[in-house]
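Good morning, and thank you for joining. Please look at the structure now on the screen.

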Amino acid sequence: MQTSKDAFPAEIWPVLEGADPVGVRPIVLRKLVSDIAGLPDSWSGRLEFDLGKRHCVRLSRNSSIEVWLICWELGQDTLLHDHGGSSGAFALVRGSLIEDHADVDARDIRTREHRTGDAVAFGPRYLHNLVNVSGEPAVSLHAYSPPLRSMNFYGWSSSGPRHLREIPCDSPEPDLTGIQWPEVSAP
Ligand SMILES: [Fe+2]
């Protein structure tokens, strides 16, 4: 799939098209989503909120990077997941999100809040669950490199993350309908 230049002003194109095909560093992805956050004409016309599931729109994709807009209704979350080996970054452009996050071999999980204007980056061993527990819808911009191919979902036990399922996907909102999740029990 070709990069959709229509979505972004010319200053974004070198990042999208000149990227390392193997993988773009998280700090570059964070700058990318921050730059796009500052260009609302490239995404504000795509906002849509759905109480049934998060509304995800792919704004651009090439062989190295993809960029998504995600609209969050109240209470919507992701479940604890990684990004199938991709690095990533996200920026909040409206509202706030709570994030539980850890490394895949961590024993402790941390929680932090992201508010409008915040942007964070992460590497391929990063797990998180994002949820909108604020009193208003939220909007975020996400970049992944390489583009998502699968996501692994986890439960959390007293000894750390427990892998549950790998789900092939080409979207940060994979279809989890009918998935049977194994029990997560403490050792
Ligand atoms: Fe994620």
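Predicted model: local features only at pLDDT ≥ 70, side-chain atom pairs only at ≥ 80, totals over all residues.

In what order do the five strands form the open sheet? The order is E1-E2-E8-E3-E6, with antiparallel pairing. Residues are numbered from 1 along each chain as its sequence is written.

Strands (E, at least two residues) and helices (H or I, at least four) are DSSP runs numbered from the N terminus, and two strands pair if DSSP finds at least two bridges between them. Strand E1 (55–61) and strand E6 (119–122) are the edge strands, each pairing on one side only. From one strand to the next, the twist averages 20°; axes are lines fitted to C-alpha atoms, for helices over the stretch in contact, and angles run from 0 to 180 degrees between N-to-C directions.

Within the sheet, strand E2 (residues 66–72) and strand E8 (residues 138–145) run antiparallel and are joined by seven bridges. Glu66 has Tyr144 in E8 as its bridge partner.

Helix H2 (residues 26–37) lies across E2, strand E3 (87–94), E6 and E8, at about 25° to E3. Contact here requires C-beta atoms, placed from the backbone, within 7 Å.

Finally, consider Gly123, in the loop between E6 and strand E7 (126–131). Leaving aside neighbours within four places in sequence, Gly123 is in contact with Pro26 and Ser87. Its C-alpha atom is separated by 8.7 Å from that of Ala89, 34 residues apart along the chain.

Conventions
Contact = placed C-beta atoms within 7 Å.
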